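Subject: Structure for you to look at

Hi,

Here is the structure I promised to pass on. Please open it beside this note, and my findings follow below.

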Amino acid sequence: MRSLDRAARQKLDALAARSLRRELVPTRRLPHGFVERSGRRLLDFCSNDLLSLSHDPAVLDAAVQATRRWGTGAGASRLVTGNHPLLGELECALAAHHHTEDAVVFGSGYLMNTGVVPSLVGPGDLVLVDELAHACLYAGAQLSRGRLIRTPHNDVAAVRDILVRHRADHGRCMVLTDTVFSMDGDRAPLQALQALCVEHDAWLMTDDAHGLGVLEVDNPAPLKGGTLSKALAAYGGYVCGSRAVMDLLRTRARTLIYSTGLPPGVVATALAALGRIGSDPAWCARPRQLARRFAAGMALPEPAAGIVPWIVGSPERALALSGALEERGFLVTAIRPPTVPPGTARLRLTFQAAHTEDQVDALVHAVRELACASS
Ligand SMILES: *Cc1c(COP(=O)(O)O)cnc(C)c1O
């Protein structure tokens, strides 16, 4: 065996021994919150298609029409010929939705975070990141080559302490957090963080990937990032803020400059979905209502948005419960380290607007049965 393959094999075996090896399972997504796996139809309680817009007739129409008219790929970076006018339209709509002067669309949420942070801070600067923030906020902070400090989860007093102790020794400072935490479903204390940031001349940047369309938060941060890939049922990322900062990003963000623009059909999808969010509050309220119904049925804490974590401890237990739920017709993927801290493997349930109350009640029934049997 060549050393390359041997190295890969060794790593895979070590992961498998700890139940941490992952596999890609072919899955077709169907309308109304279902998926098809290995020839079986399952109710999907782990996608981020929170408003079930990926099969919405009007959204589909927008995607198909834009694709037929303008073609599939964007052809080049936005700075060359990949800047379709639909992108400007989407940026205007995102800025209006977030009450900011301007917005910039990137190739994904991951590319947004890894592009924005290094454009604004660098060596000699300070970056504070909540310990449970999404991996791509960490990637952005690391790429910046500023000093990265992980802060205890949602702990405003700890952030204050760190700023008091270290802020003065650094040039610029950013504080990064999710608005709704992707694996825990709780919310960040945005007002308190922003007040601290103002006091210490730091720049708060939020990632609203799981909030947009589900939970309209009053967000005081000067940099509001998010994704087009979840409630908007498209693909891509964005950040909203002042004209000056957005113009700087268009000029300097490497993940914007050196990566191809989004395909027109994808941009049209996001625009149509964003319009739906602005016009249908009852539909947008459903993921949270259903998440609360599930949590109440399980006697779990009330969720802030459409995500409910059910922490079970070991990766083995999470995998076994996930498998048992699949046998009963529910798709709930096991979430294991390093996505979550060691000892907190979990089933993470996400609720979609298209799910029905009866389906949620059936899920509660199945999960309660399994929880009793396995504890
Ligand atoms: C899902 C998620 C991302 C990744 O967004 P993509 O558009 O899928 O790359 C980024 N940040 C947070 C907080 C997320 O939950």
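Ala 272 is a residue of helix 10. Keep in mind that the model is predicted. Is Ala 272 exposed or partly exposed? The relative accessible area of Ala 272 is 25%. The cut-offs are under 20% for buried and over 50% for exposed, so a residue in between is partly exposed. Ala 272 therefore counts as partly exposed. Setting aside residues up to four places away in sequence, Ala 272 touches Val 59 and Ala 62. Ala 233 is 39 residues from Ala 272 in sequence. In space the two are 9.8 Å apart, C-alpha to C-alpha.

Now the cores. The largest nonpolar core has 35 residues. Which of them touch the most other members? They are Leu 51, Leu 90, Leu 94, Val 105, Leu 228, Leu 232 and Tyr 238. Helix 2 (57-70), helix 3 (85-98), strand 4, strand 10 and helix 10 (264-279) each give two or more residues to this core. Helix 10 gives the most, with seven residues.

Helix 3 deserves a look. It has 14 residues. From first C-alpha to last, helix 3 reaches 20 Å, close to the 20 Å expected at 1.5 Å a residue. Its buried residues are Leu 86, Leu 87, Leu 90, Glu 91, Leu 94, Ala 95 and His 98. An α-helix has 3.6 residues a turn, so residues three or four places apart point the same way. What do the buried residues of helix 3 pack against? Their partners are helix 2, strand 4, strand 9, strand 10, helix 8 and helix 10. His 99 follows helix 3 and has a positive phi, near 55 degrees.

Seven strands form an open sheet with mixed pairing, in the order 4-10-9-8-7-5-6. Strand 4 (102-106) and strand 6 (147-151) are the edges, each pairing on one side only. From one strand to the next, the twist averages 20 degrees. Strand 5 (residues 126-130) pairs with strand 6 in the parallel sense, over five bridges. Opposite Val 127 stands Leu 148 of strand 6.

Two helices to check against the sheet:

- Helix 4 (residues 109-120) lies across strand 4, strand 7 (173-178), strand 8 (203-207), strand 9 (223-227) and strand 10 (237-241). Helix 4 runs at about 175 degrees to strand 8.
- Helix 8 (residues 243-252) packs on the sheet and touches strand 4, strand 9 and strand 10. The directions of helix 8 and strand 4 make about 25 degrees.

Last, the whole chain. It comes to 13 helices and 14 strands. The radius of gyration is 21 Å, which agrees with the value near 21 Å for a compact globule of 375 residues. Along the principal axes, the C-alpha atoms fill a box of roughly 55 × 55 × 55 Å. Buried residues make up 53% of the chain. Of the contacts between residues at least 6 apart in sequence, 68% join residues at least 24 apart.

Best wishes

How values were computed
Residues numbered from 1 in each chain as written. Predicted model: local features only at pLDDT ≥ 70, side-chain atom pairs only at ≥ 80, totals over all residues. Heavy atoms only, no water. Pairing = 2+ DSSP bridges. Helix = DSSP H or I, 4+ residues; strand = E, 2+ residues; numbered from the N terminus. Axes fitted to C-alpha atoms, helices over the stretch in contact; angles between N-to-C directions. Contact = heavy atoms within 4.5 Å. Core = buried A, V, L, I, M, F, W, Y, C linked by side-chain atoms within 4.5 Å. Buried < 20%, exposed > 50% of the residue type's maximum accessible area, 1.4 Å probe, protein only. Expected span 1.5 Å × (residues − 1). Rg over C-alpha atoms; globule rule 2.2 N^0.38 Å.
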